[in-house]
Amino acid sequence: MSVTINDIIQRAIGMSVQNNAATLTSNAPEMITQIGQYESDVYIAAAKANRFFTDSDTVTSTSGSSARTADLSTLTTLERIIRASITAGSLNRVDVEDPDAELSPRYYLLGQTMYEVEDDWGATGTVTITVDFATRPAALSPTGGLSQTVTLPDRWCPILSKRLAAYLSRKDVGRAPEEAQGFDDAAALEMAAMLASMELFGGMTHRRFISPEPFTPGSG
Amino acid sequence: MSLTLSAVLNAARDWSPWFDRSRIPDAVAARMASDVQRDLLAKGATRNPDRFTATFTSASWPADTITLPAFERVLPPILLNFSDSTLAPDEAPLINADEADDYEDGQIPAYTLVGTTLTFAGQGSDHPDYASATVNYVAASADLTALTDTLVLPDDAKLAVSSALAALFALRVNGMPIDGHDPKNGTVSVDVNGLGARAAAAEVQWLRQQSQQQMRRHVTLEAGL
């Protein structure tokens with residue numbers, strides 16, 4: 001089932017009779033922006049913890065024989081690159097200041113642009129780069145109306161509605177702060193359950209290494 | 001020989017769950033593997049040079065100067081091949097450069113070796129019966145720069161190479177922050193001495209194997225190794 005922005009708002013309103021005041025939720029762009037941010041937070045957490053929300057797409061590099069670039073901003077739902085590859089194999093990401101950290105073929109990132117190290121990407125011309133990536137949700141338009149649907153599957157949408165309920169509670173001056181904290185705690189529980197479910201989904205992973213994967217602090 | 005860089009790196013990484021690519025990138029491991037290979041090749045070629053011998057033959061005669069490919073060591077004598085291929089080649093010794101004057105009359109063909117250049121002592125044109133010169137040498141190992149690169153070491157050196165790499169990996173990762181960032185959250189601890197001892201044992205075993213292969217041959221003269 002596709003869940004709309006309005007569905008999220010109605011569920012949040014239902015969590016407290018004090019949310020019935022129409023002025024709390026009447027500003028549609030405000031509601032859409034808030035829910036969009038909560039949804040983005042969910043996908044960032046998932047991208048750090050597992051590979052549940054993923055996609056694959058291609059980009060084409062500039063032409064040339066070396067120092068080619070590829071614009072990743074065209075991949076509008078790219079949250080985190082898992083693997084980038086060309087026909088010669090997987091590209092190794094290095095830092096612009098330490099290209100010798102890995103073997104060819106290599107790239108480094110500046111902003112959302114992928115840069116070829118030396119002439120690592122092969123023969124002269126454009127290069128098609130396949131990017132496997134953890135996704136972010138589709139962007140919501142603040143002026144697009146409440147019928148827009150969120151990307152997050154319905155089973156985990158209570159995270160969004162509980163966070164919105166906490167927001168409404170804080171917005172409504174005079175309410176006990178414990179109420180908002182209760183909604184936040186409930187949302188955190190839902191988030192933990194979602195991450196656990198994603199981890200459990202694939203069963204046991206056989207790993208050779210104890211590594212800082214999937215997210216290496218300071219790696220970026 | 002089909003031992004690839006990928007194969008030895010995989011084997012070396014198997015020694016510890018801490019030897020992942022985020023801590024030891026392939027390029028770092030490849031540079032270590034290049035050094036390990038050079039070291040083992042030098043030691044192995046000392047014990048059993050024939051096993052690692054490559055041959056270089058000059059395209060024509062006179063071969064007054066021969067520029068060799070990068071080598072670990074040259075294995076004299078230089079073979080002087082006759083135009084008549086049914087004849088066994090003459091053997092030209094390798095002499096010191098400061099002794100070249102004694103051979104310049106060409107009566108006894110000889111070569112000096114300076115850098116990577118072999119120089120005939122005298123004039124090759126004084127020996128028109130020769131057609132070419134053949135040099136046996138142990139080639140120097142090139143740097144390994146791709147996972148598909150093949151080592152010059154034979155397959156039976158795999159354990160010696162991988163365990164030597166594992167010992168180097170241990171030195172690199174020991175004490176690294178487990179989370180790759182903050183040592184307060186714990187540091188990697190590996191048995192550096194144990195892996196070092198295992199690497200030394202594997203190297204000794206492989207070198208012993210090379211010596212034994214040389215010793216089992218029937219020779220009429222002392223090899224002078």
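How far apart should the ends of helix α3 of chain A be at 1.5 Å a residue, and how far apart are its end C-alpha atoms? I started there: the 14 residues (158-171) should span 20 Å, and the end C-alpha atoms sit 19 Å apart, which agrees. The expected span is 1.5 Å times one less than the number of residues, and helices are DSSP runs of H or I with at least four residues, numbered from the N terminus.

A note on the model: it is predicted, with local features needing pLDDT of at least 70 and side-chain atom pairs 80 or more, while totals for chains, interfaces and linings use all residues. Residues count from 1 along each chain as its sequence is written, and chains are lettered from A in the order in which they are written.

Next I looked up burial (20 or more other C-beta atoms within 10 Å of a residue's own, placed from the backbone). I found 12 of the 14 residues of α3(A) buried, so the helix is largely enclosed by the rest of the structure. Among them are I159(A), L164(A) and Y167(A). The buried residues pack against α1 (5-13), α2 (28-49) and α4 (177-201) of chain A, taking contact as C-beta atoms within 7 Å.

Then I turned to chain B. Helices α1 (5-13) and α2 (26-47) come within 11 Å and cross at roughly 100°, with axes fitted to C-alpha atoms over the stretch in contact and angles from 0 to 180 degrees between N-to-C directions. That makes α1(B) roughly perpendicular to α2(B) (65 to 115 degrees). On the α1(B) side I noted L5(B), V8(B) and L9(B).

Note on methods:
Helices (H or I, at least four residues) and strands (E, at least two) are DSSP runs, numbered from the N terminus. Two residues are in contact if their C-beta atoms, placed from the backbone, lie within 7 Å. Angles under 35 degrees count as roughly parallel, over 145 as roughly antiparallel, 65 to 115 as roughly perpendicular and the rest as oblique.
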